[in-house]
Amino acid sequence: MRFRHAGAIWSDHPELAAGALWATGIGAAADVGPRVAEYTARAAARPAGATESEFPEVLAWRRAFSRMGLKPTQYRCASESLLRRLRKKGELPRIHPVVALCNARSVAYAVPVAVLDTDRIAGPLLEVRYARGDEHYTIFGGGTEHPQPGEVPFTDSVGRVHARRWAKRQSGYSAVGERTWRILVVTEAMHDGGAEVVPELLKTVAEELAAHWPTDPAAAFLTPSAPEFVFGG
């Protein structure tokens, strides 16, 4: 299977820094609590008085959302939403150990990190591209939506959308759950320095996965000249 950003995405967002990782053997029995606590503490150690809306990593996504015609305070990127929840509630959602771990890495770096169950993705291609409007998206409650034309979703080869509005909202269809075994992790940054942050984040996620599960992750940093990540054999 292949993951990539369409050429038009790279052209319209040249500041994009992106990476992807694939791992197998990711079951639901793993104790990641101490690591999650460490990474969330790192997020909480940001300068006192600064809210997530002032972070350069978040501001860069807000600018990107504005260029896509989205109101940044109505549609927040995933990392901003998690940071906002952490600030208000003091904790992150605990859905699955690998989701908890990646959410904690997301708030530590203030950049979006998506985790998808790859057995729920129809190959051979998962692409971040502009929507036509005929794609279908499954919400967590089980209903179906259609992205608006020009919206940026993660779309597979049968037109199923696995994330709406780019780095904001994942699909319930490919959400990681009790039966998940193979995962795709995608992280994307828009801020200055993102090209250094994304490879570092991928490396630490790979190390954490290998430390908690019987897996040897494969990962790649994506660029306009090397935009595809091939995974799954």
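In this predicted model, the count of cavities of 30 Å³ or more comes to one. The volume of this largest cavity is about 30 Å³. Rolling a probe the size of a water molecule over the atoms shows where such empty space is left.

Which residues line the largest cavity? They are Val58, Trp61, Arg62, Phe65, Pro72, Tyr75, Arg76, Cys77 and Glu80. Helix α3, residues 56-67, supplies the largest share of this lining, with four residues. By class, six of the lining residues are nonpolar and three are charged. No polar residue takes part.

Now turn to the open spaces. The largest pocket has a volume of about 610 Å³. It is lined by 26 residues, and those closest to its centre are Ala78, Val99, Asn103, Lys168 and Gln170. Several elements give two or more residues each to this lining: α4 (78-89), α5 (97-109), β3 (113-117), β9 (169-170) and β10 (182-189). The largest share, four residues, comes from α4. The lining of the largest pocket divides into 18 nonpolar, three polar and five charged residues.

The second largest pocket holds about 190 Å³ of space. Eleven residues line this pocket. Nearest its centre lie Ala43, Ala44, Ala50, Phe55 and Arg87. Which elements supply at least two residues each to this lining? They are α2 (33-44) and α4. Helix α4 gives the most here, with three residues. By class, the lining of the second largest pocket has seven nonpolar residues, one polar residue and three charged residues.

Next, the chain as a whole. Its secondary structure comprises six helices and twelve strands. The C-alpha atoms fill a box of roughly 40 × 40 × 40 Å along the principal axes. The radius of gyration is 16 Å, which agrees with the value near 17 Å that a compact globule of 233 residues would have.

Of the 233 residues, 52% are buried, with buried meaning under 20% relative accessible area. Take the contacts between residues at least 6 apart in sequence: 74% of them join residues at least 24 apart. The accessible surface of the chain comes to about 10100 Å². Carbon and sulfur atoms account for 51% of that surface.

Notes
Residues are numbered from 1 along each chain as its sequence is written. This is a predicted model: local features need pLDDT of at least 70, side-chain atom pairs count only at pLDDT 80 or more; totals for chains, interfaces and linings use all residues. Side-chain values use heavy atoms; hydrogens and water are left out. On a 1 Å grid over the protein atoms alone, a cavity is a set of points where a 1.4 Å probe fits but cannot get out, and a pocket is an open set with protein on both sides within 12 Å along at least five of seven lines; lining residues have an atom within 4 Å of a point. Grid points are joined across faces, edges and corners, and a volume is the space filled by probe spheres set on the points. Ala, Val, Leu, Ile, Met, Phe, Trp, Tyr, Cys and Pro count as nonpolar, Asp, Glu, Lys and Arg as charged, and the others, Gly among them, as polar. The radius of gyration is taken over C-alpha atoms; the globule rule is 2.2 Å times the number of residues to the power 0.38. Buried means under 20% relative accessible area, exposed over 50%, partly exposed in between (1.4 Å probe, protein chains only). Contact means heavy atoms within 4.5 Å. Accessible areas come from the Shrake-Rupley method with a 1.4 Å probe; for residues, only the protein chains shown count as cover.
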